[in-house]
Amino acid sequence: MTEKGERRNYLATLGKDFPSGLVVFLVALPLCLGIALASGAPLFAGIITGVVGGVVVAWLSGSQLSVSGPAAGLTVIVLNGIEALQTYEAFLLAVVLAGVLQLVLGFLKAGVIGLYFPSSVIKGMLAAIGLILILKQIPHFMGADDDFFGEMRFFQPDGRTTFSEIGHAFSAINLGALMIGAISLAILIGWDTKALKKYKFFKLVPGALVVVLLSIALNELFKASFPGLVVGAQHLVSLPVIGSVSELGQELRFPDLSAFANPQLYVVAFTIAIVASLETLLSVEAIDKLDPHKRRTPNNRELMAQGVGNITAGLIGGLPMTAVIVRGSANVASGAESKMSAFIHGLFLLLSVLFLASFLNLIPLSALAAVLLVVGFKLTKPVLYKTQLRLGHEQFIPFIVTILAILFTDLLVGICVGLAVGVFYILKANYKSPYFFHKEEHREREIIRIKLSEHVSFLNKASIVLTLDHMPRNSHVIIDGENSEYIDYDVLEAIQTFKKTAHERNIQVELINIKDVAVLDLH
C-alpha cells in the first residue's frame, strides 16, 4: 500500500482508533508508573518509555495493534542492572546498547524464532495473562493495594504470593474504592452488551472513559458528603506534576558515557536485548492471534523498531521497552483498527505529563482495575478452554501447562516450560509419519518396503531407527528414497548403519535413491 493510501486508511479508522488509544492510555499510565517504581528507577522514566513506545515505535513497527512500553517482565533485570552499574545514568547507556543489539538482531533476521512457538503455547500465554490480570487486579479493585499497579509475578517482593495478596485484600478493604470499582465494573459489562451497542453513543464513547470520569466524580462526592468513603492518595494515580518546560528538562536523565569502561555494562545490555526481544516476539505473535483481521507482524522489522525505541528511550532517561501484551490486548479489546491507536496513546501520555497531571491524579486505581478485569476476562474466556479441549490432548496439555507455569513463575519461564511440552508433542507427531510401510509375504523370505516421505528431518530419526531395529530376521528390506527431496544426514547415517549390521540378522537390505554416507567405525 502507498504512503498516501496508508494515511487515508488511518483517517478512515480514526473513529475506532481514537477511543481505543484513550483506553490504552488510561491502562498504560498507572502501569508505566508502577513498573518504574518497582524497577528502582525515577517515576518519570516509565512515562518516557510509554511516550517513545507510542510516538516513535508505533510508526516503525509493522504491527497494527501491538503497543510498546515498559514491561513488568523486565523489572528484576532493571533493578539488578541499576545495582550492578551503581548509577541510573550508567544503566541508561546499557539500554542504548541493548537497542543497538536489537537492531543488529533485526538485520540478521533473528526474528524468525517467533514463528517457532506453537499455537497452543501462545494461546496458553494469553489465557495466563488474562488470569494474572484478574488475580492481580482484585486487591486494587478492593482498595487494598500494597503492591504497585504493574506487579505481575507470583512471588512478590513483599514476601506474599498472588493468592495470599488476595486473602490480605479481604482483610483490608477500602469501602469507597470497592464501591467505585463495583460500579465501574457494572458499567463496563453493560457497555459491551448488544442491547446498548445498538445506540451510536455507546459505540463511539469508550466505556473506560465514562468509568474514569464517573470514578473521579464519585470520589469528589465522597469528599463532600461521605468522608468515611474517600479514596486516599495511596489508592489514586500518582503522576509527577511538572509545571513548566524547564521542570520537564530537569526530569530528563542522560547516559553516562564513562560507563563504557565497565565490563558489567555489556552483560546488562546483552541481557536486556535478549529478554526484551523474546518478550516482544511473544507479544506480537499473541496480538496477531487476537487481531480480527489476522494481519501478520514482520518480526525482523519489529526487532529493529524496538531497537530504535530502546536507543531513543535510553538517550533521554527512559526504561527499556518491549511490545506489551497487557496494553496490546486492551487495545484489541477496545476495538482498535490500526497503529494510530498506539500513537494516540503515546500522545496522551505526553500531554498528561505536560498539562493533565493534577487532574489524572484524581483517578482511583479501583476504576482502572475494573477496566483490566474486563480485559483479563476477554483473554481467558471459558470458551477458549473448551475449544482447546476439543482439539485433543496434543493441543490441550501444552496449553494448560503453559497457563500453570506462567501463573506460578513468570512469563518467560512459563513460556519455556510450555514450549518444552509443545515440542514433545511435535516430536511425537513427527515420529509417526516419516515413511510408508508395506509388507509382502514371499516363499523365500518376507519383503518389507519402506517408502520415505518427501521431507525427512532429524526429528524423524528416532522413528526410523526404532522401525529398523524391529525388522524381522531373514527378511528382505527395501528402503526407497525416490520421492524424497530432502533426507537429513543423521537419518542417512542411521540407514547406512542398519545396512552395515543387517547381515548379523540375515536381513538383506536394498537401498533406492539413498545417498551413501560414511559411518563411524572404531574397529
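Analyst: Let's take the bridge between D480 and K451, whose closest N and O atoms are 2.9 Å apart. This pair ties together parts that are 29 residues apart in sequence, because D480 lies in strand β6 (residues 476-480) while K451 lies in strand β4 (residues 447-452). Keep in mind that this is a predicted model.

K451, at 26%, counts as partly exposed.

For context, a search of the whole structure finds nine salt bridges. One of them joins R296 and E285, with the closest N and O atoms 3.3 Å apart. Here R296 lies in the loop between α13 (264-290) and α14 (299-315) and E285 in helix α13, so that pair ties together parts 11 residues apart in sequence. On the cover side, E285 counts as buried at 7% relative accessibility, whereas R296 is partly exposed at 48%.

Then there's K223 with E220, whose side chains meet at 3.1 Å, N to O. These two are three residues apart in helix α11 (residues 207-225), so about one helical turn separates them. Both ends count as partly exposed, K223 at 42% relative accessibility and E220 at 34%.

How values were computed: Residues are numbered from 1 along each chain as its sequence is written. This is a predicted model: local features need pLDDT of at least 70, side-chain atom pairs count only at pLDDT 80 or more; totals for chains, interfaces and linings use all residues. Side-chain values use heavy atoms; hydrogens and water are left out. A salt bridge is a side-chain nitrogen of Lys or Arg within 4 Å of a carboxyl oxygen of Asp or Glu. Helices (H or I, at least four residues) and strands (E, at least two) are DSSP runs, numbered from the N terminus. Buried means under 20% relative accessible area, exposed over 50%, partly exposed in between (1.4 Å probe, protein chains only).
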